[in-house]
Amino acid sequence: MAFVSSGYNPEKPMENRITDIGPRHFSDFLPPVIAKNKGTWLWHEICEPGILMHKAESGDEVYTVRCGGSRLMTVGHIREICAIADKFAGGHLRFTTRNNIEFMVGTLDEAKKLKEYLNSQMQSGGSHKFPVGGTGAGITNIVHTQGWVHCHTPATDASGTVKVVLDELFEEFGQMRMPAQVRISMACCLNMCGAVHCSDIAILGYHRKPPVIDHEWLDNLCEIPLAVAACPVGAIRPTKKEIVTEKGETKTVNTVAIKNERCMFCGNCYT
């Protein structure tokens with residue numbers, strides 16, 4: 001009744017609706033030239049490392065400047081990126097699937113000025129904040145999984161490995177002198193949500209031993225049917241086991257058994 005008294009009409013649930021669940025539609029955030037020419041782009045070319053030009057049927061051109069970003073960003077860093085978009089690109093930017101940042105401008109001169117500005121931005125330690133590159137026959141940005149920051153299944157962390165690898169290959173990020181574009185990815189476990197299965201060079205962390213079972217506590221801390229169902233290779237089965245507790249008592253508990261030779265070390269069973 002509260003909804004009815006506030007003006008909600010159950011017969012017409014969409015009438016006078018002023019809000020919705022979730023983010024606004026992505027089309028609200030498109031740059032005007034992108035919205036105008038959606039679906040009518042003819043071709044694109046790489047003007048120089050880090051700068052692309054797309055041509056539309058209408059004759060419109062848009063120049064994109066691509067710079068490297070990171071998977072994990074601070075709020076302050078994102079605010080810097082937004083400030084650059086406000087200053088050079090009409091407040092518009094986009095992220096690629098490999099964590100690159102792209103700013104779109106109207107002319108090649110504007111793109112070159114933006115590239116020069118981005119390459120001049122340095123961290124306090126002397127490294128680049130927004131290195132321009134990642135296009136054509138060069139090294140693209142490394143895409144990787146969450147690692148220990150968020151995920152429950154990783155065998156290793158991503159950030160350190162990604163940092164040292166790209167430090168060694170950083171010069172190639174801003175060049176286009178490889179035989180073809182090279183994509184590098186890292187996944188922290190065998191679930192491989194880091195796209196390592198479709199990259200040129202894959203770095204993969206994996207567990208080397210089956211999980212250890214604490215029979216006394218497993219049934220109190222874990223839903224056994226879910227643990228059994230989580231195994232992709234059917235290496236886990238429910239069972240009962242007689243144990244001696246920490247208090248010296250003997251009792252039979254519900255637990256699981258693992259067929260070690262079948263385990264693929266993915267880590268799904270303990271997440």
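A pocket is here an open set of grid points where a 1.4 Å probe fits, with protein on both sides within 12 Å along at least five of seven lines. In this predicted model, the second largest pocket holds about 370 Å³ of space. Its lining consists of 19 residues, and L218, C222, A227, C269 and Y270 are the closest to its centre. At least two lining residues come from each of α6 (215-221), α7 (224-230) and β10 (250-258). By class, 15 residues of this lining are nonpolar, two are polar and two are charged.

Of the 24 residues that line the largest pocket, G69, S70, H128, K163 and L166 lie nearest its centre. Helix α5, spanning residues 159-173, gives the most to this lining, namely seven residues. The lining of the largest pocket comprises eight nonpolar, 12 polar and four charged residues. Domain 1 (29-133) and domain 2 (136-206) each provide at least three residues of the lining.

The protein chain as a whole is divided into three parts: domain 1 (29-133), domain 2 (136-206) and domain 3 (217-270). Between the C-alpha centres of domain 1 and domain 3 the distance is 51 Å.

With residues up to four places away in sequence not counted, L114 touches V65, I84, F88, F103 and V105.

P31 is located in the loop between α1 (2-5) and α2 (32-36). P31 counts as buried because its relative accessible area is 10%, where the cut-off for burial is under 20%. Contacts of P31, again not counting residues up to four places away in sequence, are made with H92 and M104. The C-alpha atoms of P31 and G90 are 7.9 Å apart in space, while the two residues are separated by 59 residues in sequence.

Backbone phi angles were considered for two further residues. Most residues other than glycine have a negative phi. N99, a residue other than glycine, has a positive phi near 65°. N99 is placed in the loop between β4 (94-95) and β5. The relative accessible area of N99 is 12%, so N99 is classed as buried. F265 likewise is not a glycine and has a positive phi, of about 65°. The position of F265 is in the segment after β10. Since its relative accessibility is 23%, F265 counts as partly exposed.

Definitions and conventions:
Residues numbered from 1 in each chain as written. Predicted model: local features only at pLDDT ≥ 70, side-chain atom pairs only at ≥ 80, totals over all residues. Heavy atoms only, no water. Contact = heavy atoms within 4.5 Å. 1 Å grid on protein atoms, 1.4 Å probe; cavity = no way out; pocket = protein on both sides within 12 Å on 5 of 7 lines; lining within 4 Å. Helix = DSSP H or I, 4+ residues; strand = E, 2+ residues; numbered from the N terminus. Nonpolar A, V, L, I, M, F, W, Y, C, P; charged D, E, K, R; others polar. Domains from an automatic or database assignment. Points joined across faces, edges and corners; volume = space filled by probe spheres on them. Buried < 20%, exposed > 50% of the residue type's maximum accessible area, 1.4 Å probe, protein only.
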